[in-house]
Amino acid sequence: MNIKPLADRVLIVPAPAEEKVGGIIIPDTAKEKPLRGKVVAVGNGTKDEEMVLKADDMVLYGKYAGTELELDGEKYLIMRQSDVLAVLG
């Protein structure tokens with residue numbers, strides 16, 4: 001299934017959470033929510049806000065940003081472009 005975000009929204013695949021820290025395996029319940037991910041789809045923007053993000057951008061976003069959704073076993077976040085804090089170069 002293909003998802004096309006509307007207006008100023010972007011679809012992001014979160015980066016996987018760290019599995020180990022210094023040789024200690026972290027259980028799922030204690031893992032930090034990832035704060036970076038890869039943009040997989042973008043909307044067209046709005047008349048007031050131009051879409052500056054593009055597919056394949058690696059981005060940083062706020063800890064509680066976006067809405068989680070699951071499609072075909074893959075987890076995604078959909079959020080407004082303004083919820084993205086930075087593009088990683």
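What follows is a short chat about a predicted model of one chain.

Q: What elements does the chain have, in numbers of helices and strands?
A: There are 0 helices and 8 strands in this predicted model. Read from the N terminus, the order is β-β-β-β-β-β-β-β.

Q: How much of the chain is buried?
A: Of the 89 residues, 29% are buried.

Q: And the accessible surface, what does that come to?
A: About 6200 Å² for the chain, with 53% of that belonging to carbon and sulfur atoms.

Q: What share of the contacts is between residues 24 or more positions apart?
A: Counting contacts with a separation of 6 or more, 64% are between residues 24 or more positions apart.

Q: Moving inside, which residues make up the largest nonpolar core?
A: That core has 12 residues: Val 10, Ile 12, Val 39, Val 42, Met 51, Leu 53, Val 59, Tyr 61, Ala 65, Leu 77, Met 79 and Val 84.

Q: What about a second core?
A: A separate core of 5 residues exists, and its members include Leu 11, Val 13, Leu 71 and Tyr 76. In soluble globular proteins, nonpolar side chains tend to be buried together.

Q: Now charges. How many salt bridges are there?
A: The count is 3.

Q: Which residue does Arg 80 meet in a salt bridge?
A: Arg 80 pairs with Asp 8, at 2.8 Å from N to O. The two are 72 residues apart and link distant parts of the chain, with Arg 80 in strand S7 (residues 74-80) and Asp 8 in the segment before S1.

Q: Is Asp 8 buried or exposed?
A: Buried, because its relative accessibility is 6% and the cut-off for buried is under 20%.

Q: And Arg 80, where does that stand on accessibility?
A: Arg 80 is at 37% relative accessibility, so it counts as partly exposed.

Q: What else does Asp 8 touch, leaving out residues up to four places away in sequence?
A: Besides Arg 80, Asp 8 touches Gly 45, Thr 46, Glu 49, Met 51, Met 79 and Gln 81. Met 51 and Met 79 also belong to the largest nonpolar core.

Q: Next pair. Which residue does Lys 38 meet in a salt bridge?
A: Asp 56, with an N to O distance of 3.5 Å.

Q: How accessible is Lys 38?
A: Lys 38 is partly exposed, at 36% relative accessibility.

Q: Is Asp 57 buried or exposed?
A: Asp 57 is buried, with a relative accessible area of 10%, whereas Lys 54 counts as exposed at 52%.

Q: Where is Leu 85 in the chain?
A: Leu 85 sits in strand S8 (residues 84-88).

Q: Why does Leu 85 count as exposed?
A: Because its relative accessible area is 63%, and exposed means over 50%.

How values were computed
Residues numbered from 1 in each chain as written. Predicted model: local features only at pLDDT ≥ 70, side-chain atom pairs only at ≥ 80, totals over all residues. Heavy atoms only, no water. Buried < 20%, exposed > 50% of the residue type's maximum accessible area, 1.4 Å probe, protein only. Contact = heavy atoms within 4.5 Å. Helix = DSSP H or I, 4+ residues; strand = E, 2+ residues; numbered from the N terminus. Salt bridge = Lys/Arg side-chain N within 4 Å of Asp/Glu carboxyl O. Core = buried A, V, L, I, M, F, W, Y, C linked by side-chain atoms within 4.5 Å. Areas by Shrake-Rupley, 256 points an atom, 1.4 Å probe, with all protein chains shown as cover.
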